[in-house]
Amino acid sequence: MTVAVLTPDEMVAELRDGMTIGIGGWGSRRKPMALVRAMLRSTLRDLVVVSYAGPDVGLLIASGQARRIVTGFASLDSIALEPHFRNGRQRGTVELTELDEGMLHWGLLAAAHRLPFLPIRAGLGSDVMRVNPGLRTIRSPYPGGAGSQDGEELVAMPALRLDAALVHMNRADAAGNGQYLGPDPYFDDLFCLAAERAYVSCERIDPALTGPPQSLLLNRAMVHGVTETPNGAHFTSCVPDYGRDEQFQRRYATAAADPDSWQRFRAGYLDGDEAAYQQAVRP
Amino acid sequence: MSTAKPSPASDIATATATRAEICVTACAEAWRGDGAILASPMGLIPVLGARLARHTFAPDLLMTDGEAFLLDADGNVEGWMPYARVFTMVAAGRRHVMMGASQIDRYGNQNISCIGDWARPKAQLLGVRGAPGNTVNHAVSYWVPRHSRRVFVQQVDMVCGVGYHRGLSGVRGASPPASQQSATDLRVVVTNLAVLDFQTRGQAMRLRSVHPGVDPADVVKETGFELIVPDDVAVTRVPAAAELDLIRRLDPDGGRDNEVP
């Protein structure tokens, strides 16, 4: 497999209406925001977005491009609730598959392993079962022991197969190997393995990746395209390269509260290309 | 522990613990006897409670920095706990979380997802997050900074955290075998007024103790379901002098008083 070095717009041009797209990171942490912004500039629509949701999901709801969100929460971390997710849910403009965050992990793992499902206890007894009438349970064929019981009933978490995954790394090479340098890999490797095609943006394409080999989270067999997007996770955090832009995030959240102010925010930051965005947010 | 600047109150008689400080101590008590498990407090007062517990009677607790590192009591990194590993600790049952609750009912069913009809909520909140998995896998306590009928309700709008007598009733399609026991392990609900638990025959919520100065009738009035109230309601203990000093050093800027005025 040859990994292509692409621009964000070229990556987005490979996506199609109606696709199920997984987005890496967590909340407002290491999100592939430059790729999300490229999606906002596209005509893509009717998307199903699988994410530990933050402003990636918020923006795709605000733009009307996300038809359904698959998640356990939507948060900006330092601001507890994602404002566009709230608006979308309260106005009924977006559908939701609401899962326990461990179920989401298990669904990605099942897809990465090419399994139809994986058993999990999370969800049992909760209204996750009520609001997802398609979820099934399965009885263990084994005797109990070591914390499990004879014939234990478990949720059969279905594989969350993705048409495409978008993740953001601190570094990558042109061959498609990706490196995270922050404290947590989140589930970016699983997003890539669960997807037909995986697209990686990074702070810098580095011909010779250095640092601990354990930080090389993505290998080139998991990746289809790479792009260099400096400050590309802005305004989410991308430590150690930069922290979250809290001031800008507050501006985003405030603007989301009202349609007119959101129009102004969009015109000021999102309607231009990535270079214009980066120019506009430069301190 | 980091050496913080002394609290302005540190030389005042320690008998004058604030309500927030009593809440911190009550939260700390939730983890007493837990041993070496991951303590996951949500919110400043639970965080202070867990740290107080680890500095005093529960030294074996593991705690993260809120991201992916385990920090020891002195603030040094002692381990790595990214989200994937937190999920494994959840499934292993080696964790005790203290979560918030936008709504909670008599049997401890908790909601942090949304208010109103799930299909088109009046107010979208956080989402279920890890509450379903937490409550079927390990010990769970709750922290409610404002005890009111809006929170303590007859029926929650979306069961996120699973309470008693529901453990398996939400499973569709197959009735669980009689041998299958619910793993529900709800410890305490700490509020700005009281400490509540489920140590009753029917595992319905009861008033365990009221904070000093609170009348049990006030707690009943602010609870939207029938609360079990013993004849003799205990009073929540006040922090000892050394505990109070610790709390004030752990939170030198007094953020706790913003959470519970």
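**Notes on a predicted two-chain model**

1. Chain A splits into domain 1 (4-99 + 161-281) and domain 2 (118-158). These bounds come from an automatic or database domain assignment. The C-alpha centres of domain 1 and domain 2 of chain A lie 32 Å apart.

2. A word on the basis. The model is predicted: local features need pLDDT of at least 70, side-chain atom pairs count only at pLDDT 80 or more, and totals for chains, interfaces and linings use all residues. Residues are numbered from 1 along each chain as its sequence is written, while chains are lettered from A and ligands numbered from 1 in the order in which they are written.

3. Look at helix 2 (residues 33-40) of chain A. Seven of its eight residues are buried, so the rest of the structure largely encloses this helix. Buried means that 20 or more other C-beta atoms, placed from the backbone, lie within 10 Å of the residue's own; 12 or fewer means exposed, and in between is partly exposed. The buried residues of helix 2 are Met33(A), Ala34(A), Leu35(A), Val36(A), Arg37(A), Ala38(A) and Met39(A). Their cover includes helix 1 (8-13), helix 3, strand 9 (162-172) and helix 10 (274-281) of chain A. Helices (H or I, at least four residues) and strands (E, at least two) are DSSP runs, numbered from the N terminus.

4. Now take helix 3 (residues 55-62) and helix 4 (residues 83-91) of chain A. Their axes come within 7 Å and cross at roughly 45°. That makes helix 3 of chain A oblique to helix 4 of chain A. Axes are lines fitted to C-alpha atoms, for helices over the stretch in contact, and angles run from 0 to 180 degrees between N-to-C directions. Under 35 degrees counts as roughly parallel, over 145 as roughly antiparallel, 65 to 115 as roughly perpendicular, and the rest as oblique.

5. Which residues of helix 3 of chain A meet helix 4 of chain A? They are Val57(A), Gly58(A), Leu59(A), Ile61(A) and Ala62(A), and they meet Pro83(A), His84(A), Phe85(A) and Gly88(A). Ala, Val, Leu, Ile, Met, Phe, Trp, Tyr, Cys and Pro count as nonpolar; Asp, Glu, Lys and Arg as charged; the others, Gly among them, as polar.

6. Chain B has seven helices and 13 strands. Of its 261 residues, 49% count as buried.

7. Finally, the interface. 43 residues of chain A are in contact with 44 residues of chain B; contact means C-beta atoms, placed from the backbone, within 7 Å. The chain A side divides into 15 nonpolar, 14 polar and 14 charged residues.

Note on methods:
Two residues are in contact if their C-beta atoms, placed from the backbone, lie within 7 Å.
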